[in-house]
Amino acid sequence: MGCATGTIKYSLFLFNALWAILGIVVIVFGGLGLGAMPEKYAIAIMILGGVILLISMFGCFGAIRESSRMLWTYVTLLLVLLVLIVVVILFNTRDTFKRYAMQTVEDHWQQELTRPGSMDLLQKTYSCCGRYGAGDYFTIGHRNDTVPSSCCRSNNCVNPLNVYNEGCLSSVEKAFADEAATTRYCEWGLLGFDLIILALAIILAIHYSNRRRRYNY
């Protein structure tokens, strides 16, 4: 049992080190996402990253110190996280970021009507032009029926072939086409990872609890 326990112990430590790295990555992702996604989602993602990081610390210290109490606390936290992940899988609305990005295009186009240049960043990012296409700028009479330089490859509109013909709504929709599937894979990946380290933690916690009980006799 000693060899098996040692293997489980260091496996749990390794998994929690990866868990901690994941937590940091999630926090950074949420921070970078402020302004690029709904604020409540960015905050929720950062909180999730913080929770993952906190839980991983309990797992690392519990395994290294061989503390049954800390490991049982860790198991409880993992169970809470497991429930939260299941709730997210069941009730999370799909295409959240795509809808937000498309609404951003709509908002920036309305701003473009009064403040020319409001669409520049979106058009450079998604290689698109206007809301539905380059013709939108002709419709609103943009600078003698021309398109802004952000509508063209390398900002060079001298050659008509450089103009992006696709509208930004269509480009954004294509860019986020795989969002639902990617989100689902991430959710199930988190769930599977949680279950693996939960099983290891329970085995280790039971072992240390039994060992402690034997020492007390």
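**Figure 1. Serine 171 in helix H7 of the predicted model.** Serine 171 is part of helix H7, which covers residues 168-175. The structure shown here and in the other views is a predicted model. Is serine 171 buried or exposed? The relative accessibility of serine 171 is 7%, so this residue counts as buried, since buried means under 20%. Beyond its neighbours within four places in sequence, serine 171 has contacts with Tyr126, Ser127, Cys128 and Glu166.

**Figure 2. Serine 127, one of the contacts of serine 171.** Serine 127 sits in the loop that joins helix H5 (120-126) to helix H6 (135-139). Its phi is near 50°, which is a positive value in a residue other than glycine. Serine 127 has a relative accessible area of 35% and is therefore partly exposed. Serine 171, by comparison, is buried.

**Figure 3. Cysteine 151 and its surroundings.** Cysteine 151 belongs to the loop between H6 and H7. With a relative accessibility of 0%, cysteine 151 counts as buried. Which residues does cysteine 151 touch, not counting those up to four places away in sequence? They are Gln123, Cys128, Cys129, Gly130, Tyr137, Asn162, Val163 and Tyr164. One of these, Cys128, is also in contact with serine 171. Methionine 57 is 94 residues from cysteine 151 in sequence, and their C-alpha atoms are 49 Å apart in space.

**Figure 4. Asparagine 155 in the loop between H6 and H7.** This loop also holds cysteine 151. The phi of asparagine 155 is positive, near 60°, in a residue other than glycine. Asparagine 155 has 42% relative accessible area and is partly exposed, while cysteine 151 is buried.

Figure 5. Aspartate 95 is placed in the loop between helix H3 (68-91) and helix H4 (96-114). A relative accessible area of 23% makes aspartate 95 partly exposed. The cut-off for buried is under 20%, so a residue at 23% does not count as buried. Which residues does aspartate 95 touch once those up to four places away in sequence are left out? Aspartate 95 touches Glu179 and Ala180. Alanine 180 is 85 residues from aspartate 95 along the chain, yet the two C-alpha atoms are separated by 5.7 Å.

**Figure 6. Helix H4.** Helix H4 takes in residues 96-114. H4 has 19 residues, and the distance from its first C-alpha to its last is 28 Å, close to the 27 Å expected at 1.5 Å a residue. Which residues of H4 are buried? They are Thr96, Lys98, Ala101, Thr104, Val105, Trp109 and Glu112. The list includes residues with charged side chains, Lys98 and Glu112.

Figure 7. Helix H2 runs over residues 39-65. Its 27 residues reach 39 Å from the first C-alpha to the last, close to the 39 Å expected at 1.5 Å a residue. The buried residues of H2 are Ala42, Ile45, Gly49, Ile52, Ile55, Ser56, Gly59, Cys60, Gly62 and Ala63. Glutamate 66 follows H2 and has a positive phi, near 55°.

**Figure 8. Phenylalanine 13 in helix H1.** Helix H1 consists of residues 2-32. Phenylalanine 13 is partly exposed, at a relative accessible area of 35%. What does phenylalanine 13 contact, leaving aside its neighbours within four places in sequence? Its contacts are Cys60 and Ile64. Cys60 is among the buried residues of H2. Alanine 101 lies 88 residues away from phenylalanine 13 along the chain, and 39 Å separates their C-alpha atoms. Alanine 101 is one of the buried residues of H4.

**Figure 9. The whole protein, for orientation.** The protein has eight helices and zero strands. Its radius of gyration is 25 Å, well over the 17 Å that the globule rule gives for 217 residues, so the protein is more spread out than a compact globule. Along the principal axes, the C-alpha atoms fill a box of roughly 90 × 30 × 25 Å. Of the 217 residues, 36% count as buried. The protein exposes about 12,600 Å², and carbon and sulfur atoms supply 65% of this area. Among contacts between residues at least 6 apart in sequence, 68% join residues at least 24 apart.

Key. Residues numbered from 1 in each chain as written. Predicted model: local features only at pLDDT ≥ 70, side-chain atom pairs only at ≥ 80, totals over all residues. Heavy atoms only, no water. Helix = DSSP H or I, 4+ residues; strand = E, 2+ residues; numbered from the N terminus. Rg over C-alpha atoms; globule rule 2.2 N^0.38 Å. Buried < 20%, exposed > 50% of the residue type's maximum accessible area, 1.4 Å probe, protein only. Contact = heavy atoms within 4.5 Å. Areas by Shrake-Rupley, 256 points an atom, 1.4 Å probe, with all protein chains shown as cover. Expected span 1.5 Å × (residues − 1).
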